[in-house]
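Please keep the sequence and the structure in view while reading.

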Amino acid sequence: MFPRGFVFGAFLCAALLASGVDSRAQSVPAPEQDIAEAAAALRPKLVETRRDFHLHPELSNREKRTAGVVAERLRALGFDEVRTNIAKHGVVALLRGSRPGPVVAVRAEMDALPINETHDVPYKSLVPGVMHACGHDAHTAIGLGVAELLSQRRSRLRGVVKFLFQPAEEAVPPGEEGGAPLMIKEGALADPRPAVIFGLHTSPEIETGLVGYRAGAAQAAADGFKITLHGKRAWAASPEQGVDTIVVAAECVTALQSIKSRRVDTFEPVILTIGTIHGGDRQNNMAEEVKLSGTIRTFSEPAQSRVEGLMDQTLAGVTEAYDASYEVQFQRTTTVVYNDPDLVRECLPWLRAAVGPTNVVEVPQRMAAEDFSFYQQVVPGFFFRLGSGNRAKGITASAHTPEFDIDEDCLVVGVKAMCGVVLGYLDRH
């Protein structure tokens, strides 16, 4: 016969189990609840950090102050290793948990854009002609927030988290190396090599509170191109004596647009945009030379090659018709952002637990490019979209515009989401 107290205790445990109540839940919060509460408490610091970076933007390969703030914060958090000056101003730091496990990488960008901010806010850029118009200030603040929360939880951390704070995602200055390719070249993914890498990007077209994902090809590859048209200078009063490259350029712009509308598969995502055109020096002379530049966006290497070939063919035909000549140079700047489908499938439950089951939504492919794609060529990666818009607050301006801003509530959501996938992966593997 069992003692009365034992029988009562067994009866109570059975009753709790039958009712679905875990007695430990009364005193120990779930990991997701713990992170959510900590991220919410961190909001003032996240906002302050983001605004500091927004006030002091730095262009690609010039992120000296930003990198210094990042390195100082990571060292103050007690990171095991903080390496600086990777790919010029990149910072790579390791956080080792108290338990064995895999290595997971988290990447955040630090650079700003050569855009003059017109949005009148207290944290408006103090640097004329430079602003954070793509959310990298938020990405860096979120990366530091994730670093802080995980560093406070080393005792439950299985494995290693490798933080990559990357310079020059937007554009490497002419004649320089930079961005993700140089980070990889200088060992950012080595010693130790991560099993997977995670990244996020603010998205003003998605409402704050939501996280968007897409498995497989998620964002386009980007090519840059430069075209030089050569004609013959002549006085505008005697046009028959020259070759007017302004007219040739106009014909080329129109003809190149027919590549997408008439010469590639209708269902093949392609964008061909002429972004600049420069030529001529007098209003009554015909220009001898015109220079154009632009971008191509595609979702496959065959499509890239086909569009480049069709551009070359089109330029040859138009210039021959006008007795002009041309040169064209292509530069493949990024590859397709490809989110490993198995990794995405594995991460979705962790994302839903972190930000809410109805707040994780599938999003369409985007023609925007991202050099996160280079990391994904080395290790499997998942790059997700962080809702940062708020129509009710009037925060709707698209990235790369002078009015761009974010709803700062997205900073907390970003920290929760990133902590969710990192901890979920480390715990499972």
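A residue is called buried under 20% relative accessible area, exposed over 50%, and partly exposed in between, with a 1.4 Å probe and protein chains only. Helices (H or I, at least four residues) and strands (E, at least two) are DSSP runs, numbered from the N terminus. The model is predicted, so local features need pLDDT of at least 70 and side-chain atom pairs count only at pLDDT 80 or more, while totals for chains, interfaces and linings use all residues. Residues are numbered from 1 along each chain as its sequence is written, and side-chain values use heavy atoms, with hydrogens and water left out.

Helix α2 spans residues 31–41, and its residues I35, A38 and A39 are buried. Seen down the axis of α2, the buried residues fall within an arc of 100°, so they line one face of the helix; the arc is that of the directions from the helix axis to the C-beta atoms. Their cover includes α3 (43–55), α5 (136–151) and α11 (410–428), where contact means heavy atoms within 4.5 Å.

The eight strands of an open sheet follow the order β1-β2-β4-β3-β5-β16-β6-β15, with mixed pairing; two strands pair if DSSP finds at least two bridges between them. At the edges stand β1 (81–86) and β15 (360–362), each with a single partner strand, so one side of each is left without a neighbour in the sheet. Direction ignored, neighbouring strands of this sheet are turned by 25° against each other on average. The partner of β1 in an antiparallel pairing over four bridges is β2 (residues 90–96), and I86 stands opposite G90 in β2.

Helix α4 (residues 64–76) packs on it, touching β1, β2 and β4 (158–166), and its direction makes about 170° with that of β1. Helix α5 lies across β2, β3 (99–109), β4, β5 (196–207) and β16 (381–389), running at about 155° to β4. Axes are lines fitted to C-alpha atoms, for helices over the stretch in contact, and angles run from 0 to 180 degrees between N-to-C directions.

A nonpolar core is a set of buried Ala, Val, Leu, Ile, Met, Phe, Trp, Tyr and Cys residues joined through side-chain atoms within 4.5 Å. The largest has 68 residues, of which L74, F198 and V422 touch the most other members. Helix α11 gives the most to this core, with 13 residues. Leaving aside neighbours within four places in sequence, L74 is in contact with F79, V82, V91, A93, L144, A147 and F165.
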